[in-house]
Structure formats: structure tokens, C-alpha cells
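Below are some notes for a colleague who is opening this structure for the first time. Please read them with the model in view.

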Amino acid sequence: MILREFCAENLTALPQLQAGNVARVELCDNLAVGGTTPSYGVIKEACRLLHEKGISVAVMIRPRGGNFVYNDTELRVMEEDILQAVTLEADALVFGILTIDNQIDREAIEQLLPATQGIPLVFHMAFDAIPAKEQFQALDQLVELGFTRILLHGSKAEQPIHDNIEHLKALNAYADQRIELMIGGGVTADNYQDLTAQTGITQAHGTRIC
């Protein structure tokens with residue numbers, strides 16, 4: 001069975017969603033820059049509305065667009081946003097933090113972990129910025145850090161996801177059920193079944209997934 005996750009910018013499309021079509025929503029703001037943290041009010045209302053429908057909510061924690069290298073001030077903002085999302089009953093938290101050389105920033109992530117209070121963690125498409133050959137080691141690090149899931153495209157965003165099938169298959173085999181993988185980036189209601197069948201990855205994400 002394929003799990004579909006709808007990527008929502010604020011509340012506009014949420015009333016039309018049904019649990020039979022979508023199991024989970026990634027809630028964010030400002031998709032023009034790849035998504036940032038939604039407001040307190042948006043998280044609160046989205047959780048109320050979607051939980052009534054039996055749909056879970058993964059909240060994006062990202063203080064700005066651009067790269068995924070954050071300074072101390074930005075990390076404090078992320079920590080506060082995490083605490084708010086936890087209070088508002090988010091089901092998962094979605095964030096990604098890298099070093100300037102595009103590696104997992106373990107130190108920064110470990111700084112945020114206490115605020116997450118054990119809620120499932122998703123590493124978002126910052127993963128795609130990690131060089132392909134080094135993504136296997138990065139996957140190991142995310143397992144060690146306690147992440148539940150990785151949202152990925154397989155390579156730099158400008159490359160069609162269909163060109164990444166073999167790499168995605170290899171990552172999925174390497175993950176070996178230690179961590180969930182979810183494909184996104186060009187995934188739609190028309191192609192998600194073909195892409196999941198080819199890669200063996202059973203979760204699909206997108207703004208046009210349903």
C-alpha cells in the first residue's frame with residue numbers, strides 16, 4: 001500500500017482533503033522558496049481540522065528560504081517553533097540542517113532534539129544537497145539521531161526524479177527498513193504509482209499527489 005502525503009501551503013486546500021486519498025499532510029508556508037515554518041494559528045487550525053478527518057500533520061520547521069546552514073539565532077528560532085508545534089499537537093516535525101560543506105550538521109540537530117520531545121522527525125529535501133555517494137553515510141547518521149523518515153528527490157532538484165531511479169533503489173535497499181524513505185519533487189497523482197513501483201519506496205509526497 002502506498003502512503004500519500006500532501007504538501008500544503010497554509011490552509012487553503014485542507015478542507016477538500018479526505019483520509020481515503022491522503023494519509024498525511026506536510027504543513028508549511030511560502031512554497032515559492034521550498035517551504036518555511038507556518039504560523040502558530042495555521043498549525044493550530046490545521047491540526048484541528050485534519051485530526052478530525054483522521055489525517056496526520058507533519059509541520060515544517062524552517063526559518064527562511066535559501067540554504068540549510070543556520071546560525072545560532074536561527075537555531076533558537078527553530079527551537080521555539082518546535083516547542084510551539086509540539087504544543088499544538090503536530091504528529092511529526094520536518095527539518096533539515098547541513099554544514100557549509102553539505103553534510104549532516106549533527107551538533108545543530110542534537111541542540112534541537114530536547115525540544116522535539118520524542119515526536120517523529122523527518123529530514124526534508126536538504127538531503128538532496130548531500131553528494132550522492134555520501135548519502136549512504138548521511139542516512140546512517142540520521143538513523144543514529146533518531147529520525148523516522150527522509151523526504152528526498154534523489155539528486156539536485158533540477159534533475160528529473162525519473163533519472164534518479166537506480167540511486168533511489170540503492171538508498172532504499174541500504175535503508176533496509178531502519179528508516180522510512182519518501183519520494184518527492186515532481187511526484188504527482190499520475191506518476192506516483194509508477195515511481196514507487198520502480199524504486200520500492202512506498203511513500204510519496206507532493207503538492208499534486210491527489
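1. The second largest pocket is lined by Asn-172, Ala-175, Gln-177, Ile-179, Glu-180, Leu-181, Gly-200, Ile-201, Thr-202 and Gln-203, and its volume is about 150 Å³. Helix α5 and strand β7 (180–183) each give at least two residues to this lining, which by class has four nonpolar, five polar and one charged residues. A pocket here is an open set of points on a 1 Å grid, where a 1.4 Å probe fits, with protein on both sides within 12 Å along at least five of seven lines, and lining residues have an atom within 4 Å of a point.

2. This is a predicted model, in which local features need pLDDT of at least 70 and side-chain atom pairs count only at pLDDT 80 or more, while totals for chains, interfaces and linings use all residues. Residues are numbered from 1 along each chain as its sequence is written, and side-chain values use heavy atoms, with hydrogens and water left out.

3. The largest pocket holds about 520 Å³ of space. Its lining counts 25 residues, of which Gly-34, Met-125, Leu-151, Gly-185 and His-205 are the closest to its centre; by class there are 11 nonpolar, nine polar and five charged residues.

4. Helix α4 (residues 135–145) and helix α5 (residues 165–175) have axes (lines fitted to C-alpha atoms over the stretch in contact) that come within 10 Å and cross at roughly 35°. Gln-135, Phe-136, Leu-139 and Asp-140 of α4 meet His-167, Ala-170, Leu-171, Tyr-174 and Ala-175 of α5, where contact means heavy atoms within 4.5 Å.

Conventions: Axes fitted to C-alpha atoms, helices over the stretch in contact; angles between N-to-C directions. Helix = DSSP H or I, 4+ residues; strand = E, 2+ residues; numbered from the N terminus. Points joined across faces, edges and corners; volume = space filled by probe spheres on them. Nonpolar A, V, L, I, M, F, W, Y, C, P; charged D, E, K, R; others polar.
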